[in-house]
Amino acid sequence: MSKILFFTGKGGVGKSLFSASQALQFASQGKRVLWVDFENSGVSTELFQRDLLKNTPEKFNGLSLISLGGRESFYEYLETVLGVDDESQKSFLSSIKLKSVDTLKKIKSLQSFIDLCPGLKSIMLIGKIIKEQQRQKNAWDYICVDAPATGHFLDHLKSFLNSQKLFTSESLSKKITAYRKVLENPESCEFQLVTLPYDFVLHETQLLSRELTSLGFSQQHLILNKSPMNRIVQKDQTLPACFQVENLINQQQQESCSEFKAFFESFLSLKKMVDFGPMNLFSLTKLMENEL
Amino acid sequence: MTKLSFFLGSGGVGKTTLSAAYALQLFQLNKKVLVLTVDPARRLAELLKIQKSSEFVSTVQESEDALLDILWIDKKNAFQQILQKYLDSEDKIEEIKEHRIFSFLENELSGVEDYLTIQLLVQLFKEKKYDHIVIDTPPAQQSVHFFQSAKRLAEFFSQKNFEFLEKIFSKSTFQRGVSFLSKNIFNANSILKKAFGANLLTELFEFLLLLKPLAHHLKLSSEHFQEILSEENHDFFFVLSEEYTQLKSVKEYCHHMQEEGLRGSQYCLLNRSTSKSSFQSIHDFKGVLSSESFRKLNAVKSFHAYFDESIQNSSFERVVKLEKYPEKDLNKEKLIELGRKTYCGIFSE
């Protein structure tokens, strides 16, 4: 079965880098991997030096990249709703005097509805990811999702879960129930929480973890980025003042980590990444391969 | 005139911390200041050591001439405020609040804060109570949404669009048949009915009708916000940290904001920067530093070389490197110190 990995956490903790690096590692092991930019954040330009078209997969170093857009995902949903087979799709389209799904995309009033309808985007984006997970032919082994930061991601999940109340259409409602099961099942979906060794970031991660659990998603893993080094610069009077601040920060980070030890242990797994300074995707991936 | 100071950048670069520090510094300079965060995170309140209240604005500190207030962006509160301002009867407000769509809007939706913040900002700007309003914006991509949301809201409430939506959703469409509708609207309506069922559309329409009295006011204030933004008086602080990925995005982002029609001054803040002397003296202390530290400082050194080179040809009026500070126990004194460094770095001759 293919597995979705959502990478989330406070802004700036390294979600995008880790999601991409993990995807590259899976690909180098011969797995079929899809990397997803959840809401067309454009991060692929920085990560892969690629500008992705919305909802159009592209190959890169053995993996597939996709950037999702709300409107585009809605059109994909429509195609499945309008008819399971070509025949019923055509008959519906002809009943409203449209030639094809492409002509439908040009309807302005429909576009403004998609942009403005509350919560619609969340459902379509999450729905699209699950659709990829459920593909039979050419299925993926892993789907690595570069998800938005804490609050925004939770909002998307909540919108998705609550949308059942809003959308009274029977087929959509059933679908959401089925999709929810996929998200709750540890075999098909995991949440990778990325964090940093600062108190306030760890606190936010704790809140995020609790909220995810309360929504029914307890299959969580932790990635501690920029983890303090074991052999830190010892507090040494012979060092000039400029190293003292660095040193103090290192020591405080180690203290924080030991305070949060119980929290770290509550996760299914904990991955620590030592702070080696500014990084790009390839230096990180190389580093992680060496570490493992 | 009230001066707006926006703090922009990717997530986690320290926008909130710098906003709080900067606001404190302005207070020290005897200004009347309001600080607010559009991000749902609680960091700002934690930093200023103030409990979130049900009030709209809480005072953090005040003196004879100066004032430091914090504005709470709370979906429920803000909705209530806007409804009360623009609707004359309590009954109408109740009717909206009891609508099923409203409870959905109010509780579960992302992006609602953007719209609300803009409404509030315009209101506060008109009141002229504050010398400065310091705004901690959402992380990069979302803040583009934030700045566009005024435009989108104005568009949504344009008379033309409203009539359009009314036609799509109106009950008569379901009851009377569709012969009188334009083909375009008829198509959209059929498609949506097929996708979501007719009930939702009727409900949405009912709700839109309830909101209609607000339309004119919301449109006006959205337009007003655009006008405010296009004035040259305001400051935009682009914050980044020592990461390659952010360097490129900050320049693109800055360019993007100019395209959006923002005219104010733009400054670049490299936050949590490793002190220049420490990466300059790494070779002298090679034996003392652990191999990891040595490696890390070397990486930082090459980052700075790259940063200095690539920032040279940018449109920033000033580039300031703010040295690292311990995040733990970031008390008020340390925040004020950080605010002072930021302010002096940007505005001193």
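Two strands pair if DSSP finds at least two bridges between them. The model is predicted.

**Strand S5 of chain B**

- Strand S5 (residues 132–136) of chain B has five of its five residues buried, so it is largely enclosed by the rest of the structure.
- Burial here means that 20 or more other C-beta atoms lie within 10 Å of a residue's own.
- In a regular strand, side chains alternate between the two faces of the sheet.
- Both faces of S5(B) are covered, with His132(B), Val134(B) and Asp136(B) buried on one side and Ile133(B) and Ile135(B) buried on the other.
- Strand S1 (residues 3–8) of chain B also pairs with S5(B), in the parallel sense and over five bridges.
- Within S5(B), His132(B) is the bridge partner of Lys3(B), and Ile133(B) is the bridge partner of Leu34(B).

**Sheet of chain A**

- Chain A has an open sheet of eight strands in the order S3-S4-S2-S5-S1-S6-S7-S8, with mixed pairing.
- The edges are strand S3 (58–60) and strand S8 (270–274) of chain A; each has a single partner strand, so one side of each is left without a neighbour in the sheet.
- From one strand to the next, the twist averages 25°.
- Helix H10 (residues 199–214) of chain A packs on the sheet and touches strand S6 (189–195) and strand S7 (220–227) of chain A.
- The direction of H10(A) makes about 165° with that of S6(A).
- Leu65(A) in S4(A) is the bridge partner of Glu58(A).

**Helix H7 of chain A**

- Helix H7 (residues 120–133) of chain A has 14 residues, which at 1.5 Å a residue should span 20 Å; its end C-alpha atoms are 20 Å apart, so the two values agree.
- Of the 14 residues of H7(A), 13 are buried, so the helix is largely enclosed by the rest of the structure.

**Contact between the chains**

- The contact takes 60 residues from chain A and 60 residues from chain B.
- On the side of chain B that touches chain A, helix H10 (residues 183–196) of chain B gives the largest share, twelve residues.
- The residues on that side of chain B divide into 26 nonpolar, 20 polar and 14 charged.

Definitions and conventions: Residues numbered from 1 in each chain as written. Chains lettered and ligands numbered in written order. Predicted model: local features only at pLDDT ≥ 70, side-chain atom pairs only at ≥ 80, totals over all residues. Contact = placed C-beta atoms within 7 Å. Helix = DSSP H or I, 4+ residues; strand = E, 2+ residues; numbered from the N terminus. Nonpolar A, V, L, I, M, F, W, Y, C, P; charged D, E, K, R; others polar. Axes fitted to C-alpha atoms, helices over the stretch in contact; angles between N-to-C directions. Buried ≥ 20, exposed ≤ 12 C-beta atoms within 10 Å, placed from the backbone. Expected span 1.5 Å × (residues − 1).
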